Amino acid sequence: MNKSKFLALILSLIMALSLAACGGQDKEATTKPSTKKATTTTTTTPAAPEAKVVEVKDAKLPNFTIKINDKQYTNKDFATLTVYSAESTSVNKSGTEIKATYVGYKIKDICDLLKLDFSNGIDAVASDGYKMPYDKKIVKADSTLLGITKDGSADKGLFVSPCAETVANQYSKMVTTITVK
């Protein structure tokens, strides 16, 4: 029994030291004043790459339902809309690049069909209640889709997919409701 307590103590110390090592700062770098002269440079953030958006002929999408401004709609309500495919490349918070292909309807086309003014943007609400706001610029972009499938699968429910955005947390999955503001 003493052996197991001793082993537990050693493992606890190792874990505490490893956590302390990860959280430390380089004091030399933060306390030494810089000897370099200040220079002013102007940098611009590169624009998000344009997502490749193409029309999908004879698309066979799975059945779905979505609530938009308190009214329930199905795939049959959008049968007159053009189906598009959009490729996206984004980076998640741990720096991993994610590539995906979404197939669905342009959000702006849905708003136009339903005669909804999206000038103040939309909110997408997921099945777990998580709400993600999208501004007018994103909503009116040709590459922002109500994604019915992602990489050929409908397992994750509906998506709001701003495919020109490069940050992964701008995408909403399992969307059940869209509210036009």
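## Overall picture

In this protein, 61% of the contacts with a separation of 6 or more are between residues 24 or more positions apart; a contact here means heavy atoms within 4.5 Å. The model is a predicted one, in which local features need pLDDT of at least 70 and side-chain atom pairs count only at pLDDT 80 or more, while totals for chains, interfaces and linings use all residues. Residues are numbered from 1 along each chain as its sequence is written, and side-chain values use heavy atoms, with hydrogens and water left out.

The protein has four helices and ten strands.

## Surface and interior

Of the 181 residues, 31% count as buried. Buried means under 20% relative accessible area, exposed means over 50%, and partly exposed is in between (1.4 Å probe, protein chains only).

Ser-88 sits in strand S4, which spans residues 84-91, and is buried at 5% relative accessibility. Leaving aside residues up to four places away in sequence, Ser-88 touches Ile-98, Lys-99, Ala-100, Tyr-102, Cys-163 and Tyr-171.

## Salt bridges

The structure holds five salt bridges, each defined as a side-chain nitrogen of Lys or Arg within 4 Å of a carboxyl oxygen of Asp or Glu. One of them joins the side chains of Glu-55 and Lys-57, with 3.0 Å from N to O. Glu-55 is partly exposed at 45% relative accessibility, whereas Lys-57 is exposed at 62%.

Another brings together the side chains of Lys-106 and Asp-142, at 3.4 Å from N to O. Lys-106 belongs to strand S5 (residues 97-106) and Asp-142 to the loop between helix H4 (136-140) and strand S8 (144-150), so this pair ties together parts that are 36 residues apart in sequence. Lys-106 is buried, with a relative accessible area of 9%, while Asp-142 is partly exposed at 40%. Lys-108 joins in too: Lys-106, Lys-108 and Asp-142 are linked in a network of salt bridges.

Then there is the salt bridge between Lys-181 and Asp-123, whose closest N and O atoms are 3.4 Å apart. This pair links distant parts of the chain, with Lys-181 in the segment after strand S10 (172-180) and Asp-123 in strand S6 (residues 122-126), 58 residues apart. Lys-181 is partly exposed at 43% relative accessibility, and Asp-123 is buried at 12%.

## A hairpin to look at

Strands S2 (residues 65-68) and S3 (residues 71-74) run antiparallel and are joined by four bridges; two strands pair if DSSP finds at least two bridges between them. Lys-67 has Gln-72 in S3 as its bridge partner. The hairpin of S2 and S3 has two residues between the strands, and Asn-69 takes a positive phi near 50 degrees there.
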